[in-house]
Each structure stands twice: as structure tokens, then as C-alpha cells.
Amino acid sequence: MTLLWIALLPLLGVLVPALTAQRGRSFCSLATAVLPATALVMTLLNVPALLDGEQLRFSVTWMPELALDLAFRLDGLSLLFNLLILGIGLLIILYAHYYLAKDEPFGRFYAFLMLFMASMVGISMSDNLILLWLFWELTSLSSFLLIGYWSYRSDARKGARMALTVTGAGGLALLAGLLLLGDMAGSFNMGDVLASGDVILADPRYPLMLGLVLLGAFTKSAQFPFHFWLPHAMAAPTPVSAYLHSATMVKAGIFLMARLHPAIAGSELWSVVVSLVGIVTMLYGAWFALMKTDLKGILAFSTVSHLGLITVLLGIGSPMAILAALFHILNHATFKAALFMSAGIIDHETGTRELKQLGGLKKAMPVTALLTTLAAAAMAGVPLFNGFLSKEMFFTESLATPVLGGVSWLLPALATLGGILSVAYSLRLVHAVFFKPAREEPPKTPHEPPHLMRLPVEILVVLCVVVGLFPAFMATGLLELASEAVIGSPLDFHLAIWHGVNLPLIMSLLAFVVGIALYWRHGNVRRFTQQFAGIDARRVFERILISIGYRSEQLIAALEGNSLQRYVGWLWLAALVMGGIGLVQITDLTGAAGNQPLDGILILGAVMLMFGGVATAATHRYRLISLLMLSVVGLFVALTFARFSAPDLALTQLSVEVVTMILLMLALFFLPQKTPRESSPLRNVRDMLLAGTLGLVIASLNYAVMTRDTLSISSFFVENSKPGGGGYNVVNVILVDFRGFDTLGEITVLAIAGLAIFKLLNRLRLFMPHSDGEGRVWSPDRYPAVLTSISMTLLPLALLVSAFIFLRGHNQPGGGFIAGLITAVALILLYMARGVAWAQERLDFPFQPVAVIGVAVATLTGLGSWLFGHPFLTSAFGYFSLPLIGTFELATALLFDLGVYLAVVGATLMILANLGKVTTAHRPVTETSGKDTDAAAATSSAKEPR
Amino acid sequence: MSVIVEALISLLLIAGGIFVFIGSLGMAHLRDFYMRLHGPTKATTLGIGCMLIASMLYFWSVDGKPDIQELLITLFLFITAPVSAHLLAKSGLHLRLKHADKTQGKPVELRPEEVGDKPVPHPDKGHG
């Protein structure tokens with residue numbers, strides 16, 4: 001259980017800064033640090049159990065259909081990474097407390113930082129491939145937020161976007177790779193996957209899977225050729241760089257390769273690809289680190305270089321190489337975090353990161369100078385520092401590996417070259433900043449930072465030195481655990497500073513001598529390289545992105561060109577192709593059941609339907625007539641339903657038809673009554689062909705289906721309607737009980753649509769024609785007395801009908817939906833007959849709460865079944881007796897139906913009444929209209945714009 | 001079913017059929033909008049009412065108990081049909097539809113905006 005808490009505490013920590021940001025920065029920083037510190041302590045408390053060889057696992061089934069479990073593990077590798085993530089994370093919180101300017105929103109920064117920390121801890125502890133991927137994506141997202149923290153800066157935004165694009169794309173590849181991997185291993189459980197390495201290696205899909213997984217790892221860990229995002233991510237605040245780009249995020253790719261090492265590493269493909277990519281990255285990064293003049297740029301490229309080094313070691317893959325890789329992960333995190341924070345201090349206190357403006361700072365900041373020098377010495381691999389040990393191990397492994405066959409001598413040679421470059425850039429970093437006299441004045445007068453800001457650097461540097469001096473004491477235990485987790489068996493090793501005079505030591509010495517010489521002649525090298533035109537990765541990247549966007553736009557323009565007609569055309573064409581394929585495959589169109597008898601009424605109905613359809617299309621330029629023709633179609637559809645024993649559908653269709661017609665009529669008010677001829681003859685032919693063919697195909701499909709005896713699920717509903725749902729009206733029981741969840745979703749959509757339309761109509765000011773198409777002004781008799789008085793008489797009758805339809809719905813045709821529409825129509829009639837002002841005075845409440853309450857009632861009814869221990873939306877019914885009335889049935893479905901009713905009434909009125917209001921002087925106003933005649937009418941709508 | 005009831009139902013059905021036919025014929029045959037309006041709104045409504053009553057009587061005599069649904073439908077029909085007719089006529093007048101010479105009562109006299117002495121502005125004052 002503690003495993004779950006270790007993973008969850010940082011996630012909960014996201015809330016802490018949000019809650020405490022009001023109470024000042026000191027309080028907020030302290031409060032934020034509490035949860036990760038607790039998680040760190042809990043991790044450490046698990047160490048004894050780990051040493052005893054216990055398998056620490058935690059697993060809860062989450063979404064078994066997706067093979068996603070909430071599964072965590074804590075083994076040596078997770079321990080190593082948890083210590084790095086949480087430990088350095090705490091130091092970063094302390095550092096950021098001083099680093100961020102006074103007026104910056106630190107609460108948001110801490111929240112992003114905690115989110116990132118939580119996702120990293122999640123990656124390191126996931127015991128399920130999908131879960132791992134989930135956290136992986138979360139790191140991409142949270143790092144985007146962190147890199148773009150100074151969102152007012154263009155370089156921060158671009159850097160963040162680039163990082164997100166590259167790592168996000170890599171994440172998608174990784175998902176594909178992990179799905180393949182899980183499929184090969186037959187399980188997404190990490191333990192099972194790691195144990196089935198042989199099966200995975202033998203699988204023919206192995207190269208594809210490996211490529212995808214490595215794509216994910218390489219993009220995340222900034223390996224060549226995906227390294228370019230990392231230097232641009234330096235636009236982030238320095239605490240972020242120190243955390244993400246030294247200790248954590250870029251190590252996620254490395255972590256993945258180490259974690260999956262037992263499962264996917266055993267092949268030659270792996271060795272060659274991974275070590276080659278690593279060595280190229282190492283040299284590329286080191287070279288550019290030497291060339292950069294921006295302090296953080298140097299560190300960024302050196303990070304790329306060191307990540308390459310670790311990748312090489314993972315590619316070599318021998319047990320000692322793995323050990324060296326893990327050791328270097330640890331060492332690199334300590335010295336690089338220290339260096340980044342030092343760079344941040346220098347930036348903070350001098351106002352610049354340009355080497356040109358820096359120099360001679362050892363006088364002004366002696367302590368920082370000492371700390372930076374020590375950390376840089378560790379980076380260069382000076383003996384007695386931790387970097388030296390892992391680098392010696394790297395040299396040893398590069399000599400021993402047979403990966404490159406006949407050209408195996410190349411690897412030690414290139415490794416030495418990397419060493420030379422790393423000595424040179426480390427030397428340059430320290431010398432140019434602290435010792436060389438400055439060429440230009442920095443913008444601020446430099447001085448030492450507050451002591452507590454330096455404290456994280458001090459702690460890390462002390463670690464570098466102590467690990468370098470007493471490696472066996474400091475690191476052996478942790479590395480034993482971690483290497484056992486990766487390799488699978490305990491590894492016997494001994495960390496020592498002195499191994500006697502051997503080839504690796506000579507390589508180190510060579511690296512120092514040549515490295516110092518290289519820095520000495522650094523000016524010549526720079527002059528040489530300046531002859532080449534530099535490539536700005538961001539420019540290239542942006543250009544590619546823009547060109548992709550442009551091409552896509554062109555493609556879309558060529559396909560549909562923002563024309564709704566063409567868009568629908570493609571949709572129909574796709575439907576035509578799919579339906580056509582289905583049709584071609586059946587041998588005989590007429591099925592075994594044969595034709596049904598035909599009679600005159602049916603034929604007449606069909607003819608009228610066709611007439612309505614054709615007439616709607618033919619008269620489309622005269623909108624009102626076209627609308628009338630459409631209503632003919634609607635009416636005959638309703639009659640068809642009635643003819644084929646679907647009274648519920650017929651009633652629904654009829655009421656929907658009425659509401660739709662009113663809606664379209666209201667919309668017509670704003671449209672010209674005629675439209676010009678817009679289609680060319682060719683387009684008409686195309687559309688007719690498409691529509692005609694589609695009609696034929698759909699008709700054939702329908703015919704084929706209806707002449708066959710098909711097994712349908714309807715018999716289940718018919719049989720279970722009464723015993724299961726307590727109603728004789730199967731349609732209604734399906735709506736409110738069997739498929740109640742669908743209905744709930746639908747009324748929610750309806751309510752949301754109503755709200756959206758309401759929102760759109762609010763403050764909409766449309767052109768209001770004062771006359772019809774032929775110039776006749778509207779009739780001044782707006783509310784004819786006959787209509788007015790009759791609509792008043794009809795209202796109670798209509799409401800009565802509505803109540804009747806509602807109540808009988810469970811057993812006979814009817815139900816909440818139809819009843820809701822009838823009520824809505826009755827009220828709309830009132831609006832039309834008496835005008836908005838009159839109706840509004842009497843219906844003095846907004847409709848949006850009605851719709852919302854409806855959805856709430858339906859939801860609560862569904863939730864109510866939980867109280868009785870039943871699944872969501874189980875309905876209950878019973879029979880009760882009352883004197884005089886007799887026995888009657890009460891069902892919770894009725895309550896659900898009430899929710900449907902209210903949602904329908906609310907949403908429909910929200911749409912219609914508001915659309916109607918737009919056509920009158922009572923439309924919602926932005927500013928109070930003080931006009932004489934409008935004033936009286938406007939008061940009612942101005943107080944509560946609906 | 002007694003002969004009297006049967007005869008009554010038959011009479012209502014025949015009367016209904018005749019009225020509906022006359023209404024349809026009028027709609028097809030009469031010369032202007034105002035005349036044509038009479039057919040579907042009056043004759044046809046009456047005809048349908050007859051048929052509905054016939055239906056009610058028939059099912060009453062077959063099932064043995066009265067069912068007032070048809071009566072309610074008739075009621076609704078008789079309430080709504082005059083209103084529709086009225087509104088249609090008003091629109092016709094407003095739109096100045098052509099009328100035959102024989103039509104009594106010239107539409108112009110009934111158009112309210114021309115009865116008053118000055119033009120009536122649109123209630124919403126036109127453009128918003």
C-alpha cells in the first residue's frame with residue numbers, strides 16, 4: 001500500500017501550491033515540499049525490505065478491457081530513480097524559492113513542478129506498460145507547461161512547443177511499440193514482459209517493435225537526430241532546466257531502455273543501433289558544447305553528450321556496462337543539476353548567461369566559483385570525483401565490447417575523443433566564467449546569492465566529492481539493487497578509485513592532456529568552424545511545421561474547400577462505397593423471407609414521400625415552399641410509423657416535426673426568401689448522380705435486409721419489458737430502463753445544445769427585415785384576437801394531453817419525450833399568439849435551470865439505485881392500492897421520465913423562445929436601450945437577459 | 001348492432017364522405033383564394049367530424065363502452081380549424097391576393113392598414 005502512496009503523494013501535491021499560494025511564498029514552498037519529502041521517506045523506509053529481496057508490488061485492476069492496471073513496483077531501478085526525482089526535486093523547490101522573481105506566480109510554477117514530479121515517479125514505478133506510457137505522456141505535457149512557464153517570451157513558447165511536438169510524437173511511437181510488445185509477451189504486466197525476453201526476441205515483429213520503442217526513448221532522451229529540442233528547451237527557468245534536463249525528464253528515455261533491457265535488449269540489432277546512436281550523440285553534443293557561448297547552451301549540449309554516453313553503455317549491454325550506465329545516471333544527475341543551478345545563480349546575479357559578458361567572477365562570487373569548479377571537475381572526469389569513476393568504467397567497457405566486430409577499436413577511440421571534448425568544454429566553462437578577465441561588463445554587479453539558494457548546489461557538490469572519494473561505501477548498495485533489477489541476477493563488483501596503471505587510465509590521461517591543449521587552442525578551432533554556416537534547429541523545425549500545416553490546408557482546400565456541400569458529398573461518397581461493397585458481396589438481393597404484401601395506401605404513402613423529397617430539392621431556391629414540402633415528408637414519415645405499428649415513433653416524429661417547423665420558420669425570418677441560382681449544371685448533375693446512386697444503394701440494402709429473417713435483439717426486449725422493467729410499452733421501457741444510460745446521455749446533449757444555442761443567441765443582433773421579399777411591410781395586426789383567445793383556451797387542454805401522454809407512457813404509447821415536446825409546443829403557441837412580452841411576464845423564469853434540473857433528476861434517479869446496492873439506473877417498480885383509485889403502479893422509471901420531460905421542455909423552449917425573441921424588440925440587449933417605445937418592453941428583458 | 005345504430009353510422013359516414021368530397025372539389029374548382037378557403041376549412045372539417053362521430057359510435061356498439069377519444073379529436077378539430085381559416089384569410093388580405101369579380105366584399109375594404117388614415121409603422125421599427 002505504501003507504494004501507491006509514494007506514487008500518489010506527489011500527484012496530490014499538485015493541489016498544495018494551488019491551495020497555499022495565497023499565504024505567501026515561504027509558506028507555499030514549505031507546504032509544497034512536505035508531500036514529496038514524505039514520499040521520499042516512504043521510499044527509503046522500503047529499502048530494508050528491498051535488501052531482504054522482497055518483491056514490492058502493488059496492483060489494482062483499473063481498466064481490464066484496455067489491459068490497464070494501477071500497478072506499481074519498487075525495485076532497485078525504481079529506487080535509484082525515485083531518489084533522484086524526489087531528492088533533486090526537493091532541492092529544486094528550495095532553489096526555485098529564491099530563483100523566481102517576486103512578482104512571478106510561484107504557485108503555478110510549483111503546481112507544474114509537482115505534476116511533473118508525479119509523472120516521473122509514475123514512470124519509474126509503473127508495473128504496467130500502458131500505465132507507464134500514461135505517465136510518459138504526462139511528463140511531456142507537464143514539461144511543456146514548465147518550459148513555457150515564461151509564456152510571454154516567444155522563445156519559451158517555441159521551445160515548449162518543439163519539446164512537446166518531438167516528445168509527444170515519440171510518445172505515440174512508444175505507445176505503438178508498447179502495444180506490440182505487450183502483444184508479443186501476452187501481457188502488459190511489467191514482470192511478465194521482462195520475463196519473456198526469449199519469446200519477444202524470436203517474434204518476427206521484433207524489429208518493428210524495437211524501432212518504435214527506441215523512437216520513443218530517443219526523442220525523450222534527446223538522442224541524435226532528435227536532440228535539437230533540448231537546447232531550445234533552455235528557454236525555461238533554470239530550476240526547470242536543472243530538474244528536467246539534468247536529472248529527470250531526459251533520463252526517462254534512458255530509464256525506459258534500462259527498464260525494458262531484459263525484455264528487448266538481447267539482439268545484435270539493439271547493440272548496434274543503440275550504441276551507434278549513443279556514440280554519435282555523445283560526440284555531436286560534446287562538440288557543440290565546446291562551440292556554444294551561452295552558459296545554459298553549453299550545459300544543454302553537454303547533457304546531450306552525457307546522455308549519449310549512457311546510451312552507448314546500454315547498447316553495449318554487458319552486466320558491467322549496465323552497472324556503469326546506472327552509475328553514470330546517478331553521477332550525471334548530481335553534477336549536472338549542480339552546474340545548472342550554478343549557471344542559474346550566475347544568471348540571476350549578473351543578469352546574463354553570455355560568456356562574452358562574463359569573466360573574472362571568482363572575486364565577486366568565490367563560493368559559487370569553488371562549487372562550480374568542483375562540479376565541472378566531476379563532469380570532466382577528474383580523479384577523486386564521481387564522474388571519473390563512471391568514465392573509467394565507460395572506457396573499460398568500450399575496450400571490452402565486441403559490438404562493432406572488426407572495427408571494435410573504433411569505440412575506445414571515439415570514447416577517448418568524447419573524453420577530450422568533455423575536458424575541453426568543462427575547462428572552458430569554468431575558466432571563461434570565473435578566471436578569465438571579462439571582456440564586457442555584465443548588466444548587474446555580481447555578488448553572492450543568498451546562502452539558502454546556494455545550499456542545493458553545495459549538497460550536490462558534496463555528494464559528487466564524497467561519492468568520488470568513497471565510492472564503495474556510498475554507492476555500492478544502491479547500485480547493487482539497481483543493477484540486479486536490470487540484469488536480473490546479483491552482480492559482483494567492486495567500486496574503487498585506483499585500479500593500477502591500465503589502458504582506461506591511459507585513455508583518461510590522454511583525454512586530459514589533449515583536452516587542455518584543445519581549450520588552449522580553442523580560438524583557432526572556433527575560427528575554423530565559423531567558416532561553416534550554422535543551422536538553427538528551431539528555424540528548420542518551424543519551417544517543417546509550417547510546411548506540414550500548409551500542405552494539409554492545401555489538401556483540405558482541394559478536397560472540400562470549406563464548402564459544406566462538398567464536405568457532405570465526401571461523406572455520402574464514403575457511405576456509398578461502404579454500402580456498395582456490402583451489396584456486391586451478397587449473392588441474391590431478395591432474401592428468403594420474400595416480399596411483403598403491398599396495398600394502395602402503402603403505394604400512395606410511398607408516392608407522397610417521394611414527391612415530398614423531390615419537391616423539397618426542386619424548390620430549394622424558394623425557401624418557404626421548400627420548407628412546406630419538407631413538412632410533407634415529415635408527415636408521411638410519421639404516417640409510415642403509424643402504419644407499421646410504431647405509435648411511439650409516430651407521436652415523436654409528429655411533435656418533433658412541429659417543433660422543427662417552428663424553428664425553421666423563425667430562422668427563415670432572417671434569411672432572404674429566395675436564393676440565387678448557385679449551382680452550375682455540371683454540379684447539379686454530379687449531385688443528382690451521387691444522390692440518386694446513394695438512394696438506390698440504400699434502398700437495395702433496406703430491401704435486402706427486410707426480405708431476410710434476421711436474428712435481432714428485439715425479442716429480448718419484448719420478453720423482458722414487463723418482468724424486468726414493469727411496463728408494457730417496450731419502447732418506453734427501453735428508453736427509460738434498458739438503455740437508460742443512452743437516454744441520459746441524449747438529454748444531457750440536448751440540454752448542452754440548448755445552452756449553447758442560448759449562448760449564441762444571447763446578444764446576437766441580426767438584420768431585421770421590415771418587409772417581405774416583395775416589399776410588403778409586415779401586417780400591423782400582430783396578435784389576432786381569434787388566435788389569442790383560442791390559444792389561451794387550448795393551453796390547459798394541451799397541458800392535460802401532455803400529462804396524459806406522460807403518465808401512460810410506461811404502458812402505452814407516450815412518455816416523457818413526447819409529453820415534453822407537447823408542452824413545449826403549447827407554450828410556444830402562447831408565445832406566438834400573445835407576444836414575447838406578455839408570455840414573459842407570465843412565465844417569469846429562465847428555462848436553462850429547467851433543462852439542468854431535468855438532467856439532474858434523471859441522474860439522481862439513476863444514482864438512487866446505488867443506495868439499494870443495484871447498478872446505476874436500475875429501475876424499481878411496485879403496485880400500490882389506494883381507496884377509490886384502486887391498484888396502480890409506481891416505478892422509478894417514471895421519475896427518470898420526469899427528468900427527460902423537464903430536459904426536453906427546458907431545452908426546446910430555450911431554443912425556440914430565445915430564437916423567437918431575437919425576432920422582436922425583446923431580444924437581449926447589450927446596453928440598456930433608452931428609446932421611448934422600447935423602454936417599457938426592454939425593462940423585462942434587460943433585467944435578466946435570456 | 002341494432003339496425004338503427006347501423007343506419008345512423010352509415011348515414012354519418014356517407015354524409016362525412018360527401019362533405020369531404022365537396023370540400024376537396026371546392027378547393028380544386030373554385031376560382032380565387034378567398035372562395036377556395038371555404039372548402040377545406042368548413043366542408044372538410046364537418047365531413048371529418050361526421051366520420052369521427054361514426055367511428056365513435058361504431059366502437060361503442062362493438063366494444064360495449066363509450067370511448068371519448070374521437071369526441072376529443074373532433075373538439076380539437078372544431079376549435080382549431082376556424083382559427084387556421086381566419087389566419088389564412090387575414091394573410092390573404094394582407095398579401096393582396098387576386099380575387100374574382102364575383103367575390104363579395106372587396107378585400108381592400110378589409111385591409112386594416114388602409115382603413116386607417118396614415119401608414120402604420122412596423123411595431124419593431126424595422127432594422128435593428
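Helix 14 of chain A (residues 249-259) is mostly covered, with 11 of its 11 residues buried; here buried means under 20% relative accessible area, exposed over 50%, and partly exposed in between, with a 1.4 Å probe and protein chains only. Helices (H or I, at least four residues) and strands (E, at least two) are DSSP runs, numbered from the N terminus.

The model is predicted, so local features need pLDDT of at least 70 and side-chain atom pairs count only at pLDDT 80 or more, while totals for chains, interfaces and linings use all residues. Residues are numbered from 1 along each chain as its sequence is written, chains are lettered from A and ligands numbered from 1 in the order in which they are written, and side-chain values use heavy atoms, leaving out hydrogens and water.

Chain A holds 41 helices and 4 strands, and 50% of its 946 residues count as buried. Of the contacts in chain A with a separation of 6 or more, 78% come from residues 24 or more positions apart, contact meaning heavy atoms within 4.5 Å. Chain B has 6 helices and 0 strands, giving the pattern α-α-α-α-α-α along the sequence. Buried residues account for 30% of the 128 residues in chain B, and residues 24 or more positions apart supply 63% of its contacts with a separation of 6 or more.

Helix 3 (residues 25-45) and helix 6 (residues 106-125) of chain A pack at an angle of about 10°, their axes 11 Å apart; axes are lines fitted to C-alpha atoms, for helices over the stretch in contact, and angles run from 0 to 180 degrees between N-to-C directions. The pair is therefore roughly parallel, given that angles under 35 degrees count as roughly parallel, over 145 as roughly antiparallel, 65 to 115 as roughly perpendicular and the rest as oblique. Helix 3 contributes Arg25(A), Cys28(A), Ser29(A), Thr32(A) and Pro36(A) to the contact, and helix 6 contributes Phe106(A), Tyr110(A), Met114(A) and Met117(A). These residues divide into 6 nonpolar, 2 polar and 1 charged, where Ala, Val, Leu, Ile, Met, Phe, Trp, Tyr, Cys and Pro count as nonpolar, Asp, Glu, Lys and Arg as charged, and the others, Gly among them, as polar.

Helix 6 of chain A also packs with helix 13 (residues 238-247) of chain A, at an angle of about 0° and with the axes 12 Å apart, which makes these two helices roughly parallel. Phe109(A), Leu113(A), Phe116(A) and Met117(A) of helix 6 meet Pro239(A), Val240(A), Tyr243(A) and Leu244(A) of helix 13. The residues of this contact are 8 nonpolar, no polar and no charged.

Pro10(A), placed in helix 1 (residues 2-13) of chain A, is buried at a relative accessible area of 0%. Leaving aside residues up to four places away in sequence, Pro10(A) touches Trp5(A), Ala39(A), Leu86(A), Met114(A), Met117(A), Ala118(A) and Val121(A). The C-alpha atoms of Pro10(A) and Met120(A) are 9.7 Å apart, although the two residues are separated by 110 residues along the chain.

Asp203(A) sits in the loop between helix 10 (197-202) and helix 11 (206-220) of chain A and counts as buried at 15% relative accessibility. A polar atom of the Asp203(A) side chain lies 2.9 Å from the backbone nitrogen of Arg205(A).

Definitions and conventions: Polar contact = N/O pair within 3.5 Å; in protein donor to acceptor, adjacent residues only side chain to side chain.
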